[in-house]
Amino acid sequence: MKKTIIVMPVANEEDTMEAILDEILALPYDNLYIYPVIDSYSKDKTEEIIRKKEMQNDKVKCIFYKESKGVVSCYLEGFRRALQDGAEQILEMDGGGSHLPKEIPQFLKQLEEGYDCVWGSRFMNGGSMHGQRFYRRILSQGGTILSNLVLGTGLKDMTSGFEAFRREVLENMDLEAFLSTGHMYQTEMRFYCRNLRTIEVPIHYVGTASSLKGSSVTEALRLLFQLKKNERQVMEPDAGRI
């Protein structure tokens with residue numbers, strides 16, 4: 001398997017962190033590495049758990065991002081570090097248990113089949129969403145419908161954060177040019193990759209108790225229509241020919 005790095009922003013997840021790392025490390029891949037990205041927002045023992053695992057296993061690399069401006073900046077810093085360290089494939093996932101490590105192989109399989117991007121989908125056949133408040137499901141599905149209408153995309157799930165990329169996709173992106181700092185980031189990423197060879201795979205999302213502020217919804221709507229208005233292109237001119 002090509003060198004693959006999992007980028008995983010984490011914060012205040014001491015209850016689940018060790019188990020998730022162990023489950024990923026138990027997967028039958030020799031060339032799979034984990035880069036948990038953490039910042040000062042995390043106040044519990046999450047970093048301590050990661051650093052202990054890092055000392056025990058060279059496939060874990062703890063990244064403390066001092067300049068973090070939130071979860072999206074941690075994703076992007078993780079991408080930068082993965083590219084610097086020679087990743088040929090990069091997988092993005094949540095570190096709090098919402099995304100299941102046992103579903104990682106299907107992402108890697110599709111990358112090996114030649115796809116540029118693989119999107120996890122809760123709403124396609126075979127996918128599901130459990131333990132999430134009803135209004136969050138409505139927002140996610142409604143956001144997907146609206147995003148597809150406004151942006152001209154056609155995905156089953158425009159807001160999932162479980163996804164994978166060939167190296168060249170992220171290399172050809174201007175990672176400094178993302179507009180989103182919150183929930184809209186996943187939709188923005190899919191919009192920028194719309195002309196590449198992509199595929200969705202079903203995932204079983206396990207919800208958390210996190211809430212979504214009304215201001216976040218308002219900001220997402222603003223950014224959605226700004227994307228459409230600007231037709232902003234983060235990809236380099238030849239990126240469509242990856």
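1. Contacts of Y33. Beyond its neighbours up to four places away in sequence, Y33 touches K3, T4, I5, I6, D58 and K59. The model examined here is a predicted one. Y33 belongs to strand β2. Its relative accessible area is 21%, so Y33 is classed as partly exposed; the limit for buried is under 20%. Y33 and I90 stand 57 residues apart in sequence, and their C-alpha atoms are 9.6 Å apart in space.

2. The chain as a whole. The secondary structure amounts to eight helices and nine strands. A compact globule of 242 residues would have a radius of gyration near 18 Å, and the chain, at 17 Å, agrees with that. The C-alpha trace spans about 50 × 40 × 40 Å along its principal axes. Buried residues make up 50% of the 242 in the chain. Among contacts with a separation of 6 or more, 81% are between residues 24 or more positions apart.

3. The loop between β1 and α1. N12 sits in this loop. Its phi is positive, about 55°, although N12 is not a glycine. Most residues other than glycine have a negative phi. With a relative accessible area of 35%, N12 is partly exposed.

4. Helix α1. Which residues of α1 are buried? They are M17, I20, L21 and I24. These residues cover an arc of only 100° around the axis, which puts them on the same side of α1. An α-helix has 3.6 residues a turn, so residues three or four places apart point the same way. The cover over the buried residues of α1 includes β1 (4-9), β2, α2 and α4 (104-112).

5. Helix α2. In α2, which runs over residues 46-56, the buried residues are T46, I49, I50 and K53. Viewed down the axis of α2, they fall within an arc of 95°, so they line one face of the helix. The face turned away from this buried side carries E48, K52 and M55, which are exposed. The elements covering the buried residues of α2 include α1 (17-25) and β2 (32-38). In turn, α2 is among the elements that cover the buried residues of α1.

6. Helix α4. The buried residues here are I104, F107, L108, Q110 and L111. They cover an arc of only 160° around the axis, which puts them on the same side of α4. What do the buried residues of α4 pack against? Their partners are the strands β1, β4 (89-92), β5 (117-121), β7 (163-166) and β8 (198-202), together with helix α1. After α4 comes G114, whose phi is positive, near 110°.

7. Helix α6, residue R167. R167 lies in α6, which covers residues 167-171. Leaving aside neighbours within four places in sequence, R167 is in contact with A82, L83, G86, A87, E88, Q89 and I90. R167 and K69 are 98 residues apart in sequence, and the distance between their C-alpha atoms is 24 Å.

8. Helix α6, residue E171. E171 also lies in α6. Is E171 buried or partly exposed? At 44% relative accessibility, E171 counts as partly exposed. E171 and R80 are 91 residues apart in sequence, with 8.8 Å between their C-alpha atoms.

9. The second largest pocket. Its volume is about 240 Å³. The lining consists of 14 residues, and K69, S73, L76, L175 and F178 lie nearest the centre of the pocket. By class, the lining holds six nonpolar, four polar and four charged residues. K69, one of the residues nearest the pocket centre, is the residue whose C-alpha lies 24 Å from that of R167.

How values were computed: Residues numbered from 1 in each chain as written. Predicted model: local features only at pLDDT ≥ 70, side-chain atom pairs only at ≥ 80, totals over all residues. Heavy atoms only, no water. 1 Å grid on protein atoms, 1.4 Å probe; cavity = no way out; pocket = protein on both sides within 12 Å on 5 of 7 lines; lining within 4 Å. Points joined across faces, edges and corners; volume = space filled by probe spheres on them. Nonpolar A, V, L, I, M, F, W, Y, C, P; charged D, E, K, R; others polar. Buried < 20%, exposed > 50% of the residue type's maximum accessible area, 1.4 Å probe, protein only. Helix = DSSP H or I, 4+ residues; strand = E, 2+ residues; numbered from the N terminus. Arc of directions from axis to C-beta. Contact = heavy atoms within 4.5 Å. Rg over C-alpha atoms; globule rule 2.2 N^0.38 Å.
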